[in-house]
Amino acid sequence: MQNYKTIAKTGSFEKDIKKSRFIAHIAQTFSEDEANQFIQQIRDQESSATHNCTAFIVLENVEIERMSDDGEPSGTAGSPILNVLQQNNLKNVTAVVTRYFGGIKLGAGGLIRAYSSTTADAIKEIGLVENRLQQGYGLTIPYHLYDKFENYAKNEKIQLDNKAFSTDVTCEIFLDLDNHEEIIQDITNQFQNQIKFEETNQVYKQVAI
């Protein structure tokens, strides 16, 4: 999988449901170890809670999914949390939903709705990004062409990173894999082969959605 959706940043969201406090903590995690570390961090932080129920989806060599009801009735917590992550097509994400019991039992259906809605509300509050695998290029631009190229980049929504000004201008750009060769050819044509390119590495870049 080259591109995937994930949570925009680490964040949390809290709501009260029939006197119980539910707090969803969500983070980007890039391995099962990172997911477990985040889960332990929240369990330590919320050590006095009644339950800390969890779910994560991470991409390593294969896609890994795990969940835990943490003492809630089977299928009423971890599974609903995981289902929300799946329904949003999220990857490399871990959610821990903390519950402080308020004295009123919710029943199986009520628990499922509570854990699902708290997770969904947290995702909506925090926001999503798409992590796109992009090809990097180092550019050397003749100084007299830089202003024209900068305008070209703005129009094409190409970000110029690591700019340095000397006899020439050097910078780095990252382009989506599905059209990077076409863009490089277009730049070559537009600037009459006066801009030099060096292919660098492929990296994931976050794009707001």
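## Strand pairing and the sheet

Strands β3 (residues 20–28) and β6 (residues 93–100) run antiparallel and are joined by eight bridges, and within this pairing I26 stands opposite A95 of β6. The model described here is a predicted one.

The two strands belong to an open sheet of five strands, ordered β2-β3-β6-β4-β5 with antiparallel pairing. Its edges are formed by β2 (11–17) and β5 (63–68), each of which pairs on one side only. On average, neighbouring strands of the sheet are turned by 10° against each other, direction ignored.

## Helices packed on the sheet

Helix α1 (residues 32–45) packs on the sheet, where it touches β3, β4 (51–59), β5 and β6, and its direction makes about 160° with that of β4. Helix α3 (residues 107–126) also packs on the sheet, touching β2, β3, β4 and β6, with its direction at about 140° to that of β2.

## Salt bridges

The structure holds eight salt bridges, among them one between the side chains of R21 and E14, with an N to O distance of 2.7 Å. R21 is partly exposed at a relative accessible area of 33%, and E14 is likewise partly exposed at 43%.

The side chains of K15 and D121 meet in another salt bridge, at 2.9 Å from N to O. Because K15 lies in strand β2 and D121 in helix α3, this pair ties together parts that are 106 residues apart in sequence. D121 counts as partly exposed, at 28% relative accessibility.

Conventions
Residues are numbered from 1 along each chain as its sequence is written. This is a predicted model: local features need pLDDT of at least 70, side-chain atom pairs count only at pLDDT 80 or more; totals for chains, interfaces and linings use all residues. Side-chain values use heavy atoms; hydrogens and water are left out. Two strands pair if DSSP finds at least two bridges between them. Helices (H or I, at least four residues) and strands (E, at least two) are DSSP runs, numbered from the N terminus. Axes are lines fitted to C-alpha atoms, for helices over the stretch in contact, and angles run from 0 to 180 degrees between N-to-C directions. Contact means heavy atoms within 4.5 Å. A salt bridge is a side-chain nitrogen of Lys or Arg within 4 Å of a carboxyl oxygen of Asp or Glu. Buried means under 20% relative accessible area, exposed over 50%, partly exposed in between (1.4 Å probe, protein chains only).
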